Every structure is written in structure tokens, then in C-alpha cells.
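Here are my notes for a colleague opening this structure for the first time. Please read them with the model on screen.

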Amino acid sequence: MIMTAIFRRRRAFTLSLLLVFSILLGAGIPSQAARTTGTVKNPVLNVRSSPSTSSSIVCKLTQGTKVNIIGETTGDDGMKWYDVYFAYGGDAKEGYVRADLVTVAGSTSNAPSSGSSGGSSGGSRYVKPAVALVRSIASTKGDIRSRLEKGTSVTILSSKTGPDDGLTWYKVSYTQNGSSLEGYMRGDLLSQTNPGGTASSSNSTDVSGTRYINTNGVRVRSIASTNGDIRSRLGKGTQVSLISSKTGDDGMTWYKVSYTDNGYQLNGYVRSDLLSEGNAGNSGSSSSGIAQTPATVKPAVANIRSIASTNGDIRSKLPQGTQVKILLEKTGDDGWKWYKISYTHQGQALEGYIRFDLLNVGSTSSGSAGSSGSSSSKAVAKVRSIASPFGDIRATLENGTKVTILKEVTGEDGQKWTKIAFTQNGNQLEGYIPSALLK
């Protein structure tokens, strides 16, 4: 009984000190802010010594803990932070928490504008870092739907707490390459004010004119950076139309260009030194080492065209294993590499054009489709991140590659696309491919 009485007196004394400390701490607080309380939303929330994720951690609060909001400020990450005080371990503490991680009670101008699922719709935000990822779901495990540059404007559709990281994610809509798209972005990657940057600054200048790819295998990127996803690979002599120019993160001049790839009209970025005003072409003379090289037809049936284009007349249909001789190579009007070949068909010596990926180069037998030729001559199908010719290239698959069909959808181009799973370099991957390329 004596011990219980002592314990009660000590507890009362501690609570009295806490109350006095809280009153003193709140003495200079505006009455409206003092009446504002918040509740921790995350399973665990770090309280910081200043409004920055790089500052020291004062303590960690668990979900449901009540805090008193003293004021608000904008952190160095562009996010809103609350200056709060609260009871912790029998003491009164003060620190900073990010506003989107606290649910505010009561009506006050300090109430946050985001954080609850389904809220914050219709507002605009701007991409804050140099490049930000848009995901298919509110998680870093989601597929990458797009990469947006600094200053790009997006429209907020809703917000929710990510199930994996406990952070606020926004579902956003945005325009890319003329298409209206949607996806999820982490809240700390967006700012309420435009930070400036490549999407809206004077760094981008409208230009016009025609250029030509001056070397083989030039990569067209999704952004003006070698860190951008590869949208296409264009052959020497491919014609592109200039849209704008800008300085990339490497200090080099990049051109945003439009071009045709496999019948699709696409946009992307090419470094200026990879383009020429004149067309150097790609005749593939004997000095390239390809002339007079034997080869065999790879697919079950291959069309031999009158010109280096799928628009050319079909001169012959050659079965798998037919022996031919390469005369030269050139880039077709579709940007692909084509071989001019000589061959014998129905007793006649003929010549025509065939796309490079339809031949086993250096083979004189009717071996399997993958028995010869360099790896670059085998890649025939591009696997995209979304069901669209505008999607980033996730992988390139050789003719005859075995894949698992997951589902079929109608793409943004109105064509049928198949979502597939496949293994490449020991990794299990997924992506979309035009259904017409599967058999």
C-alpha cells in the first residue's frame, strides 16, 4: 500500500511537470495552431530535428500517436512539414514531421491538402528531380510506365499511402509523346510550384529541318540523356525530322526528333553529333566485309523484295534453309538494315532484298534459326513496357524465343498486344509485344 501511494504521487508529479512544460512550450503559439492536432498515419514515423529527411531523428512515433501542430514550413525537398510537439516517454518533445504523413483534425489553414486515399484530385504538381519515374502501381515494385523530366506538369487524380513504404503516392495524369497517360508517382518527387527545368525552360528551343543518322545502331532515347530508356535503334542514313533542341545532363546538345520505326511514327532524343545534314547512306560496300558472304534463310518462308522496303514488290518466297549470297547492305526506308542478295529460284538466277534479321549470316546449311550470325542480327522483336509503340523497350527477343502468354489487350494504337513472360540473361521479365509477332 505504501509503495502504491508513493508510485501514485510520483506519477502525479511527472504529469504535473509535463503539463507545465507543455504550457510553457505553447505560450508563444498562435491559438488557432495550438488547437490543431494531428494523428500519425504511418506504422512508424521519424520526427526530425529540422524540416529535412537529411536531418537527425529526434525520435520515432507509432501509428495513431497524437501530436500538436505548432506551425508549418516548406522543407528543402519542396514538401510541407509541420512543427509539432508531443508527449514521448514521459517527456514533452518537439520536432518536424512531413505533413502528408499526419492526419489533421479540426478546421484550420494548416490542414494538409493530401494524404488520404481518393483525395487531392484535380490539382497540378510539377516534377522536382531531373528525372522521375511514373509507376503502374503505388510502389517502387511497379512497372515503370514513363520517365518524366524536371518541370513536367501532371494532374493529381487521387492519393494513397503506399503499401510497401508507407509514403504518400499520387495517381497522376500527364501527356507524353501526344498520348494522355496515367500512373503513380511518389509525393516527394512532386512540387506545388514549378522548379523550372527542361520541360518548360528556355533550355529547350524549337527547331525544324531534316537530319540523317550518321552511324549504325544509333539509340533514340526517351529523354535527353544517355540514362534515358532506349526507344529505338536507327541505322545509318535514317531520316529524322527535328522538333526541338536542348542541352542534356552531359552538357551536349540533343535534338528531339520524329521518325518512323516499323511503320510507327515516334518521337525521341538523339545526340547532335550522331546526326548529319547530308545523307551519308549505308550502301554496305565490300569493304564492310559483308559482300559475297553466304547465308541461309531463317524463317519458314521469307519474302524477297524488289527494293529495301516492306512496300517493295515480292520477287520470290524462299523456304527456310535456302542458300543465298549477300551482295551489299543498306538501310531501308523503315530504318532497318536490309541485304541485297543473289539466289537461285526455280532454276533462275535472281537478285532482291531481304531484311537482315531473316538471314543466318555466314551459314551454308539449313541449320536452326539461331545457329549463326551475330547477336545484333538475331533481334527481331521489341518487348515494350506498355501495350503501345510509344512504350520503352524492355528487351529484344530473337526469332524462335519461347515465351509465356499472360494476357492479350488492345493497345493505344488499336492493335492487339500480348503481355508475355520470358527469361533473358537469367532474369525473369515481363512486357508487351504485338500479337502478330507471336505464333
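1. Lys 419 is buried, with a relative accessible area of 16%. Buried means under 20% relative accessible area, exposed over 50%, and partly exposed in between, with a 1.4 Å probe and protein chains only. The model is predicted: local features need pLDDT of at least 70, side-chain atom pairs count only at pLDDT 80 or more, and totals for chains, interfaces and linings use all residues. Residues are numbered from 1 along each chain as its sequence is written, and side-chain values use heavy atoms, with hydrogens and water left out.

2. What does Lys 419 form a salt bridge with? The partner is Glu 430, with the closest N and O atoms 3.6 Å apart. A salt bridge is a side-chain nitrogen of Lys or Arg within 4 Å of a carboxyl oxygen of Asp or Glu. Glu 430 lies in strand β34 and Lys 419 in strand β33, so the pair ties together parts eleven residues apart in sequence. Glu 430 is partly exposed, at 35% relative accessible area.

3. Strands β33 (residues 416-424) and β34 (residues 427-434) run antiparallel, joined by eight bridges. Strands are DSSP runs of E, at least two residues, numbered from the N terminus; two strands pair if DSSP finds at least two bridges between them. Lys 419 stands opposite Tyr 432.

4. The salt bridge count comes to nine. One of them joins Lys 246 and Glu 149 (2.7 Å, N to O). Lys 246 lies in β19 and Glu 149 in β10, so this pair ties together parts 97 residues apart in sequence. Both Lys 246 and Glu 149 are buried.

5. Glu 277 and Arg 211 also meet in a salt bridge, at 3.9 Å, N to O. Glu 277 is exposed, at 64%. Arg 211 counts as buried, at 18%.

6. The largest nonpolar core has 18 residues. Such a core is a set of buried Ala, Val, Leu, Ile, Met, Phe, Trp, Tyr and Cys residues joined through side-chain atoms within 4.5 Å. Val 324, Ile 326, Tyr 339, Ile 341, Ile 354 and Leu 359 touch the most other members. Strand β27 gives the largest share, four residues. Apart from this core lies another, of 15 residues, including Val 40 and Phe 86.

7. The charged end of Lys 337 sits over the ring of Phe 356, 5.2 Å from its centre. The rule asks for NZ of Lys or CZ of Arg within 6 Å of the ring centre and within 35 degrees of the ring normal.
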